[in-house]
Amino acid sequence: MTPRGGRDDIDGIETLANGRTVVKVRVRAIADGGEANRAVTELLAKSARACPRRKVQILSGATSRLKQVAVDGDPKTLGDALRTADLPPSD
């Protein structure tokens with residue numbers, strides 16, 4: 001996650017050096033008082049198409065740029081929504 005990223009957007013999917021696949025997210029909110037975390041959950045809920053924000057939860061990394069997030073719902077539907085979102089090509 002990139003706080004103060006200039007816009008609320010998903011920048012794509014990336015594979016880290018350790019092999020872990022992550023979704024790159026940037027939000028306009030500042031990382032103060034949980035504002036950036038709320039913006040991330042709202043953005044992911046919107047990207048998951050009609051998923052209520054209450055179904056998106058940060059499991060770990062609340063104070064870190066790298067977060068583990070859970071989205072309650074059908075994994076296939078959520079994966080399809082993410083893959084068909086307006087994402088730039090991955091690196």
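Asn37 touches Met1, Ile58, Ala62 and Lys67, leaving out residues up to four places away in sequence (contact means heavy atoms within 4.5 Å). This is a predicted model, where local features need pLDDT of at least 70 and side-chain atom pairs count only at pLDDT 80 or more, while totals for chains, interfaces and linings use all residues. Residues are numbered from 1 along each chain as its sequence is written, and side-chain values use heavy atoms, with hydrogens and water left out.

**More on Asn37**
- You'll find Asn37 in helix H1 (helices are DSSP runs of H or I with at least four residues, strands are runs of E with at least two, and both are numbered from the N terminus).
- Asn37 counts as buried because its relative accessible area is 14% (buried is under 20%, exposed over 50%, partly exposed in between, with a 1.4 Å probe and protein chains only).
- The Asn37 side chain makes a polar contact with the side chain of Lys67, at 3.0 Å (a pair of N or O atoms within 3.5 Å; within protein, one must be able to donate a hydrogen and the other to accept it, and residues adjacent in sequence count only if both atoms are side-chain atoms).

**The nonpolar core**
- The largest nonpolar core has 15 residues, and Val25, Val27, Val40 and Leu44 have the most contacts inside it (such a core is a set of buried Ala, Val, Leu, Ile, Met, Phe, Trp, Tyr and Cys residues joined through side-chain atoms within 4.5 Å).
- H1 supplies the largest share of this core, with six residues.
- Setting aside neighbours within four places in sequence, Leu44 is in contact with Ile10, Val25, Val56 and Val69.

**Ile30**
- Ile30 sits in the loop between S2 and H1.
- With a relative accessible area of 31%, Ile30 is partly exposed.
- Beyond its neighbours within four places in sequence, Ile30 is in contact with Arg4, Glu35 and Ala36.
- Ile30 and Gly5 are 25 residues apart along the chain, and their C-alpha atoms are separated by 8.8 Å.

**Leu59**
- Leu59 belongs to strand S3, residues 56-60.
- Its relative accessible area is 49%, so Leu59 is partly exposed.
- From Leu59 to Gly79 is 20 residues in sequence and 18 Å in space, C-alpha to C-alpha.
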